[in-house]
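Trainee: Could you take me through a structure slowly, giving the general idea behind each feature before the case itself?

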Number of protein chains: 2
Amino acid sequence: MKYVLPKGFLASGVHCGIKKFKKDLALIYSKAGAKAVGLFTKNKVKAAPLIVSKEILKKGSPIKAIIVNSGNANCCTGWYGVRDAKRMINTVCEHLKLKFNNVQVASTGIIGRRLPIESIEEAIPRLVKKLSEKGLKSAASAILTTDRKIKVGIEKIAVGKKEVLISGIAKGAGMIHPQMATMLSFIVTDARIDKDALKFALREACDKSFNAISIDGDMSTNDTVTLLANGLAGNKTIERGTKEYGVFLKALKSVTFKLAKNIVEDGEGATKFVSVFVDGAKTTRDAFKVARSIANSCLVKASLYGENPNWGRIASSVGASRARKIKPNKFEIYLNRICVFKGGRFAQPHKEKFSKAYKRKNIEILVKLNMGKKDACIWTCDLSKRYVEINSHYMT
Amino acid sequence: MKYVLPKGFLASGVHCGIKKFKKDLALIYSKAGAKAVGLFTKNKVKAAPLIVSKEILKKGSPIKAIIVNSGNANCCTGWYGVRDAKRMINTVCEHLKLKFNNVQVASTGIIGRRLPIESIEEAIPRLVKKLSEKGLKSAASAILTTDRKIKVGIEKIAVGKKEVLISGIAKGAGMIHPQMATMLSFIVTDARIDKDALKFALREACDKSFNAISIDGDMSTNDTVTLLANGLAGNKTIERGTKEYGVFLKALKSVTFKLAKNIVEDGEGATKFVSVFVDGAKTTRDAFKVARSIANSCLVKASLYGENPNWGRIASSVGASRARKIKPNKFEIYLNRICVFKGGRFAQPHKEKFSKAYKRKNIEILVKLNMGKKDACIWTCDLSKRYVEINSHYMT
């Protein structure tokens, strides 16, 4: 089941010259017009392609293609930005015989530099020619920036007697934050599904995946998640509240979860995968505040990188979280299931066991607030010297 | 005027064995009982000495001594914590013939390890013996942790015909954040001043200094600023709203500003001193949100470290700040007075001038929001590989 696309979808990726050597232009195409829903960054500085795509989605026309470039974010590029994004769409329309409102466009990479639009336009015919049922992997690699690995998630389910496929790709690396920062993800499915149900499913799936990850606390200008459903599986239309919706949602969640997890694992310079669970909070808001405070702490993350059992910094982050209902004497901290903090003090776990737990690649931090029944989870990575290295030189 | 103490104040610092080689125990003493005001961390996890000191301050007795250890925060140490903090006070009382409510206590260093209280008690007689008018420098070095340099600020003013001195010391380095994180500062003056005026002056001076700095966005459990005024200058009592109050406040501000600046310059691994100014905001809240969003961005700070003119990340941080009134096409960004962003796009400054500006040790980022008349300023430093190195190994 590796890299398969749902019925009626084709994809491709090529090198057009924005990057020096790597693929930097991707296309996803659906023969049948697909219902489309999207989620976009909350950053007030928004990239041009995002503005254009959002407007097209609002019109509600079926979507048949998504064109994506990497290496250049087409953001803060003045009036050129929107024009260039539209030129990308128009060139795709020309070669695939589509209408403007059938296409979505996305970009990721450096901010503020004008898109080399001629190179992109020149490459689009090649890109269209390369479209293939086997093109998912190629498209997945063409949307990457500082990522080390492609990110693909695929799920197959049965809806009635029909087989339904959901395939997604993503790019992530630095700048990842709750509220989805420099993150692109494109998910396609051949499910026949009600538009409202599709919208709802994407929102729910993202909340527990893309919106629950954090690399460095920065929120980007280009974040986009798009979900296309072309209905070619031929199943009975999935409606909200039905058993089939539940099955679809579960599969979608496992695709977005896998992609989100891949993004964190591939965080710039990351050497650890860190899950921060908070339970026993009075409110969900409190739970997330505590989880984010830990996940965004440079000190906690640097100490995880150093495999240095500095649980005091975790306790300090809990206290600094601005969550409303916390009592220093009531909360407990567990690190890979070993209790390290309880009753306002170090729990004195078995020394060897504890330092062993810290050396694992997967770190699970659990904070029990013991104030109520709400919980939250955030995934993040450690802060390494490599992160600083990558980000001090990106662009040169 | 180097390292002088105001009339009636003595200070000293010794090595008691918490750290391996460096001084780790400081004492400040006033012959005359001093009016005292303090500001403390907002972290809900509070260190024991802070809890004890705050309670003593509330009682309003004159303060005659401050005992401070470095190397151990005496935080998250369970019921031992408060007992050990009180033992520090009691030993000082014994040797200086003071009452419990005349003393303040503070600690800084590693969280969660019990204080080696016997070593401290043993060293206090030596510390008392060493008390001297020339002891400020020694005390200043005994309160440091990962700091590279001592931090001292001194101002002399005339109030009426009397000479008034204000001398302050501080420790900072990592974990520095608005709302004062792992930061200790002790300021003493011989001014005779009304208690209410003293309180007000400290708050105002801190807002534009200690509360306006950020190293890594973490807020600590031990932050304390204490201001003592023993009145021995013999001036007419300074009251709020008078000309003399203005003179005193100005001098106090310049002491706290110098200390805050020293803390940022000495930020863990810092290679740059960064001032973030925001003006033209609709509200002060908005101005601070934008300034903090920039000052806390790992991406912005890593790019400053790399001397990499990535102004796009600054623009992105403005957008991500959650300030209410921002328009991407209206705000402007200046870097060391060179306009880099205007009208929603890169302002294309002179290339050589621009990259030269980025190479300076002092970086001034100015964001004009052009939405109103409020402003804010935050000082910070860059994010270096050395920061990660220090913080991944601290404690081992």
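Trainee: What average pLDDT does chain A have, and which of its elements has the lowest mean?

Mentor: The term pLDDT is the predictor's confidence in each residue, from 0 to 100. Chain A averages 89, and 93% of its residues score at least 70. Over residues 175-181 of chain A, pLDDT stays under 50. Where pLDDT is low, the predicted coordinates should not be read in detail. For the model, the scores are ipTM 0.72 and pTM 0.78.

Trainee: How many helices and strands does chain A have, and what is its radius of gyration?

Mentor: There are 11 helices and 15 strands in chain A. The radius of gyration is taken over C-alpha atoms, and the globule rule is 2.2 Å times the number of residues to the power 0.38. Because a compact globule of 396 residues would have a radius near 21 Å, the 22 Å of chain A agrees with the rule. A residue is buried if 20 or more other C-beta atoms lie within 10 Å of its own, exposed if 12 or fewer, and partly exposed in between, with C-beta atoms placed from the backbone; by this count, 59% of the 396 residues of chain A are buried.

Trainee: Where does the kink in α3(A) lie, and which residues of this helix are buried?

Mentor: The bend at a residue is the angle between axes fitted to the seven residues ending there and the seven starting there. In α3(A), a kink of about 35° lies at A:Ala123, shortly before the proline A:Pro125. An α-helix has 3.6 residues a turn, so residues three or four places apart point the same way. The buried residues of α3(A) are A:Ile120, A:Ala123, A:Ile124, A:Leu127 and A:Val128.

Trainee: Which strand is joined to β1(B), and is β1(B) enclosed or open?

Mentor: Two strands pair if DSSP finds at least two bridges between them. Here 6 bridges join β1(B) to strand β2 (residues 25-40) of chain B, and the two run antiparallel; B:Leu25 in β2(B) is the bridge partner of B:Val14. Strand β1(B) (residues 9-14) is largely enclosed by the rest of the structure, because 6 of its 6 residues are buried. On one side these are B:Phe9, B:Ala11 and B:Gly13, and on the other B:Leu10, B:Ser12 and B:Val14.

Trainee: Which residues does A:Thr284 touch?

Mentor: Two residues are in contact if their C-beta atoms, placed from the backbone, lie within 7 Å. Not counting residues up to four places away in sequence, A:Thr284 touches A:Lys374 and A:Ala376. The C-alpha atoms of A:Thr284 and A:Lys374 are separated by 5.2 Å, although these residues are 90 residues apart along the chain.

Conventions. Residues are numbered from 1 along each chain as its sequence is written. Chains are lettered from A and ligands numbered from 1 in the order in which they are written. This is a predicted model: local features need pLDDT of at least 70, side-chain atom pairs count only at pLDDT 80 or more; totals for chains, interfaces and linings use all residues. Helices (H or I, at least four residues) and strands (E, at least two) are DSSP runs, numbered from the N terminus.
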